Amino acid sequence: MADGVVLDGVLTRLVSTTEDDVDLLAQWFASSEFVEHWGGVPISRDEVAEKYAGRRRPRVESFLVLEQSTPVGYAQYWHAGVAEGGIDMVLGPEARGRGLGPDAARTLLAHLGGTLGWRRVTVDPVRGNARAVRAWEKAGFRQVPSEAENLVMEFRFPEGRQD
């Protein structure tokens with residue numbers, strides 16, 4: 001792990017991606033099932049290496065989502081302002097529907113709000129991806145009005161909270 005970030009949830013652990021993860025990530029992002037709601041088009045190994053193996057730090061932080069010690073998905077957060085930004089996440093088909101997504105999202109939220117002091121986090125699931133929308137809602141996100149192609153959902157941290 002390049003910067004040593006490890007985030008522990010109840011069901012998941014998120015670890016920073018490194019160049020050592022490119023082969024696994026490239027395999028996932030080459031699968032039409034994996035990218036079904038992540039642009040819908042398989043991604044080349046070179047693009048995966050450039051975007052998802054940690055090369056965009058600190059603007060974008062990339063993570064493997066682990067269930068116990070087994071990699072089951074990818075997550076990232078990106079900065080959009082001083083105290084806000086967004087999360088993107090995709091789990092492999094075998095990991096879906098088991099509570100891993102909401103757990104990983106809550107784990108990221110704890111880091112973003114607690115450690116980094118963010119006030120607002122957004123996600124933008126594909127409108128037809130009901131499973132993802134439910135997962136984000138379970139993690140505490142709520143839909144906000146938007147004309148965007150994808151839904152826009154947000155999580156706002158309570159004002160004056162004690163971290």
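I began with Tyr77 and Trp118, and both are buried (under 20% relative accessible area with a 1.4 Å probe, protein chains only; exposed is over 50%, partly exposed in between). The model is predicted: local features need pLDDT of at least 70, side-chain atom pairs count only at pLDDT 80 or more, and totals for chains, interfaces and linings use all residues. Residues are numbered from 1 along each chain as its sequence is written, and side-chain values use heavy atoms, with hydrogens and water left out.

**Aromatic pairs**

I looked up the ring pairs next and found 13 in the structure. Rings of Phe, Tyr and Trp (its six-membered ring) pair if their centres lie within 6.5 Å; planes under 30 degrees apart are stacked, over 60 edge-to-face, the rest tilted. I checked Tyr52 and Tyr74: they pair edge-to-face, 5.1 Å centre to centre, with 70 degrees between the planes. Tyr52 sits in helix H2 (residues 45–52) and Tyr74 in strand S4, 22 residues apart. Helices (H or I, at least four residues) and strands (E, at least two) are DSSP runs, numbered from the N terminus. Both tyrosines, Tyr52 and Tyr74, are buried.

I returned to Tyr77 and Trp118. Their ring centres are 5.6 Å apart and their planes at 90 degrees, so this pair is edge-to-face. Tyr77 lies in strand S4 and Trp118 in the loop between H3 and S6, so the pair ties together parts 41 residues apart in sequence. I also noted a cluster linked by ring pairs: Trp28, Phe29, Phe34, Trp38, Tyr52 and Tyr74.

**Cores**

I then went to the nonpolar cores (buried Ala, Val, Leu, Ile, Met, Phe, Trp, Tyr and Cys joined through side-chain atoms within 4.5 Å). The largest has 30 residues, and Ile87, Trp136 and Phe141 touch the most other members. H3 gives this core its largest share, 6 residues. A second, separate core has 15 residues, including Trp28, Phe34, Val48 and Leu64.

I listed the contacts (heavy atoms within 4.5 Å) of Phe141. Leaving aside neighbours within four places in sequence, Phe141 is in contact with Ile87, Leu109, Val121, Thr122, Val123, Trp136, Met153, Glu154 and Phe155.

Last, I opened the largest pocket, which holds about 710 Å³ of space. A pocket is an open set of points on a 1 Å grid over the protein atoms alone, where a 1.4 Å probe fits, with protein on both sides within 12 Å along at least five of seven lines; lining residues have an atom within 4 Å of a point. Of its 31 lining residues, Met89, Val90, Asn129, Ala132 and Trp136 are closest to the centre. H4 gives the largest share of this lining, 6 residues.

Terms used
Points joined across faces, edges and corners; volume = space filled by probe spheres on them.
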